[in-house]
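Here's a quick briefing for anyone opening this structure for the first time. Have a look at it, then read on.

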Amino acid sequence: MSLSESASCTTSNRANSSEAPLCKRMKLNEAGDDGEAGGGGASTLPEASSSSSDSSSRRKLAANSSSSNNNCENHGKAADDVDMLNVTETASVASAVETDLCVSSSTSDSYAGNTSKQAAAAGGGDVSTSSAVNKESSGVNNCAASSSSKIINSLDTESESAAARTVSSTNSNVSSTNNSHCTSNNNNSNSSAAVMAANNSNSAAAGGDIDESLYSRQLYVLGHDAMRRMAKSDILISGLGGLGLEIAKNVILGGVKSITLHDTATCTGKCLNDLSSQFYLSQSDIGKNRAEASCAQLAELNNYVRTVSYTGPLSDDELAKYRVIVLTNSNVAEQERIGKFAHDNNIALIIAETRGLFAKVFCDFGENFTIYDQDGAQPISTMIASVTHDAQGVVTCLDETRHGFNDGDYVTFSEVQGMQQLNNSQPIKISVLGPYTFSIGDTSKFDAYKSGGVATQVKMPKTISFKSLAEAAANPEFMISDFAKLEAPATLHAAFSALGNYVTKNGRLPRPWNDEDAAQFLDITKGLNADVDEKLVLQFAKICAGNTCPIDAAIGGIVAQEVLKACSGKFTPIYQWLYFDSLESLPADPVTEDDAQPLGTRYDAQIAIFGRKFQEKLASSKWFIVGAGAIGCELLKNFGMLGLGVGDGQIFVTDMDLIEKSNLNRQFLFRPHDVQKAKALTAATAIKRMNPDVKVTAHELRVGAETEKVFSEDFFGNLNGVANALDNVDARIYMDRKCIFNRIPLVETGTLGTMGNVQVIVPFATESYSSSQDPPEKSIPICTLKNFPNAIEHTLQWARDSFEGVFKQAAENAAQYIADPQFTERILKLPGIQPLEILESVKKALLDDKPKSFADCVEWARLHWEDQYANQIKQLLFNFPPDQVTSSGHPFWSGPKRCPEPLVFDVEDSMHLDYIYAAANLRAEVYGIPQVRDRQKIAELVQQVKVPEFKPRSGVKIETNEAAAAAAANNFDDGEVDQDRVDKIINELIKNADKGSKITPLEFEKDDDNNLHMDYIVACSNLRATNYKISPADRHKSKLIAGKIIPAIATTTSVLSGLAVLEVIKLIGGHKELSQFKNGFANLALPLLAFSEPLGANKNKYYDKEWTLWDRFEVNGEMTLQEFLNYFDEKEKLKITMLSQGVSMLYSFFMPKAKCAERLPLLMSEVVRRVSKRRIEPYERSLVFEICCNDDSGEDVEVPYVRYTLP
């Protein structure tokens, strides 16, 4: 999947989610046809009404694909938006979607038609070893899997001495209980720290080569350089409560060199408090140190990260070993001591605490911290139209294209003609003059500008200075987490400081919801700062003794990202204090002190915040998590730790996908031995281990019309809410409509790299997910794609189209011809020249170009190479010579049109042979011919191929602008077919085609490094880039763009899932007012947190009745069509002019009288059966009708949909 993380949905009743219902579209056209269409889906869902322009501009990070491929989970893979041409479409690509990584949301990486997936190439049994220095320290415990150990003689350049290195190897096929173990040594004697071994043979140890099959999605967020710096960093996390565990989890998944888990606390009876959010502890861990008890399971998360526990004191010698120190459970005195030591020794320090629904984060990365990339955005490039020759040179962009630069950015230049001094110069600081122009300083001494050129943004390092903890505490600078609470940080700064004083004085935290303790706490706080929000301080005192998992998850993700920033210099750190609260999550009904008393359960720390009554509501709640990928795993964990569904309630989760190796970097419930197991079932089992009380029902199904027998109206009717963990728009829209129809809440979450958002949909109050839409993605013009590429994105899209056309579409047509006796008959019914094009492709596949041996495949690949990279370019240059000028006298080959050069095949050129190697083997796979993976053998075969001489032809028409290219594409459907040619091909196929042939169309799969799919794409794209003098892309970048991979990282997932569950808590807590809910947006790179009140549902009106998307007409069946029309005429005073169900028009005012007379006496269900040509399934409790109406004055009025209940 992308998204393949699963539970996909297909909306069968609306071809395009943005379209109006059929009857309303027909109303606009008022055509003389009743528009009957067969094959309606099993149910039709209400159309969400659109809201204001403000809401339509809201960015949804959730997904960017509107294809019918609806896999769920947020980001395991990315969407493949290449058009899939079936037998009803032409084999030539009419258009392509331009990749825009900066604005894309999350999508899916498997095609809608893909019914089988390649098994993950990552074999579980491969073992490699890595080395690390054993650090001698008191109380260090190894958390490493060690099926074998040995001493190796290699030097670690990061080590302080040539200490012995103990290496452990892990077989990833072993069970999780044997995958790692922790040996205890708490007697303060020296002990050796064993390193977690790598379990993939493609990667070296930490600090060496990066395992791209594991880290692929994260690499697109951080980049190789940042991850290499991380792989050299040793991290200390002190305090393994819920917050410390979340930080450790995310940092380990991120891939640092080592992490030391420090804790001096032992689980006693108080361990029950830890169980509210410390998901790696259980009641069996009472009596154990928290770090030791958690170490083994944390170590399983990433075998490339050395994970050890340490229970000794944090002496200066111990602290000096680390690049980053994180304190989550230290008293004020220890924080001050360590803060001074860290600042003096240039060690990054992060202090984090969560108290009830409050949190604080402090960062000190030293006096000279270098940021290599402040925001992580892809560098912008723009094509140049002119550069002035004066003291303040002004650059103008081509064709009024916005450059997108900011004032003070740095740029470099390339391909400038005339003003050669700009090419390959040092980065130049610019001043933005307008959206299309910027100045670059004095150009008067340069040569005169002639033409061309590209300006590219350069990320320049920035050095910032942090204050020490003592100085920053006295003069705090705050990062605002909620702009509706601008005054809160100063109050919370004082409150967190006062908490230490309170504990010192009383020996304990304030008692939950105790007024006397709260008053005393307020006095202490006002002693530190008299100008505080007293109400906020009192509320802090009443719940600070509590703890809840979603707060720890959100803050743990934020802090973990700060750790990675400190290691890598990637992204802008928090400067320097962050305070956060979610007081809106408190129950709508006030909590009393009696209600907050502990019950001796694992939920006591949570009861201290929300009260016992709320905990009972949680236990009886029923929620449906759609998708068990990265976000789905986090939601399941949070729900399980909350105790949601442990009583009369239940958690339901669905995901139709299997676990892949690339998932393991973010989807923390899965382990290497889980690869190729079902996600939903595996995740449910993992959650049961964390909290045995949880009741989880797991399904391996996509959500959509085809699974409505399971996810029926009755199923949704029993739910309290839905939490989406999906990866594409279609699936989200389907679930959105389901929630609207069943009037249940929906919490929608999506991520893209370091960005993410949460949207809460409240019945009868807010707009829906579908109420606003992102603008459509930019598409690559057809003529650009086919003849005039100017960027690597263009050549990669061209390569994807080539793969689809050569190895899938043509093969698919041929396979259908063999398997389906009715194929020819169906093809002949297609419009225009499509029948001829498809039949010719079948003839080529089965007769003309059918290979008999691998040598034939090599020959085909060589001739195809010649056609693509030599002959077509020669023809293009024959039509438009390099010196061609336009009618206005300007050079034809200028601006975005790059003059190409034909390539000459050279078997010694590795790129040329790469293409032949991949193309020939893929061709062999299509035809079931044994592959040859011997490059030397293929090199010998290709040299034997005789390539005919090519001579350009006159009269070949090549379109040079998009309008002409689009018109030519449209003519494809309108042209007259050569019937004689069609008949001749049919006869040849009948006479000569071998019906026993086996042809296998190839489904593009980017994550299998052994299937040669990406090998073909990379070679195909880079050869074309060479034609047009475009800088080629390496495999990593090519995979990102061609595979439409959505960058993803565990930290963002943790933050957004935590914020999402806080909204779930509000819904369960009984909140109704919109002001209590928060739509959230985060960008951890900047860093930025922003919240807004959800927009209310747009109101419509007919007569004096207001309605929103949540309203509908309720009509109980059965009744005839005539009775249905009369019902609205008499009861609602509405005259129905058109009535539709899904894509089927049931009635219209322009319907022929005979047809109308035939339908009016029929029962509504019978009309649906006859028109849609489908049966109404037994599980369908109702039908959805959409109506267009006139009021009593004859004017059109907008009205809600109709829910027609079946008897």
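UniProt positions below are given in the numbering used here, with shortened feature names, and such annotations may be inferred rather than shown by experiment. This is a predicted model, where local features need pLDDT of at least 70, side-chain atom pairs count only at pLDDT 80 or more, and totals for chains, interfaces and linings use all residues. Residues are numbered from 1 along each chain as its sequence is written, and side-chain values use heavy atoms, leaving out hydrogens and water.

**The annotated site**
- The unreviewed UniProt entry marks Cys 783 as "active site".
- Cys 783 sits in helix α22 (residues 782-786); helices (H or I, at least four residues) and strands (E, at least two) are DSSP runs, numbered from the N terminus.
- With 7% relative accessibility, Cys 783 counts as buried (under 20% relative accessible area; exposed is over 50%, partly exposed in between; 1.4 Å probe, protein chains only).

**An enclosed helix**
- Helix α8 (residues 290-299) has 9 of its 10 residues buried, so the rest of the structure largely encloses it.
- Among those buried residues are Arg 290, Glu 292 and Cys 295.

**An open sheet**
- The order β27-β26-β25-β28-β29-β30-β32-β33 gives an open sheet of 8 strands with mixed pairing; two strands pair if DSSP finds at least two bridges between them.
- β27 (696-699) and β33 (1088-1092) are at the edges with a single partner strand each, so one side of each has no neighbour in the sheet.
- Strands β30 (residues 755-761) and β32 (residues 1079-1083) run antiparallel, joined by 4 bridges.
- Gly 756 has Ala 1082 in β32 as its bridge partner.
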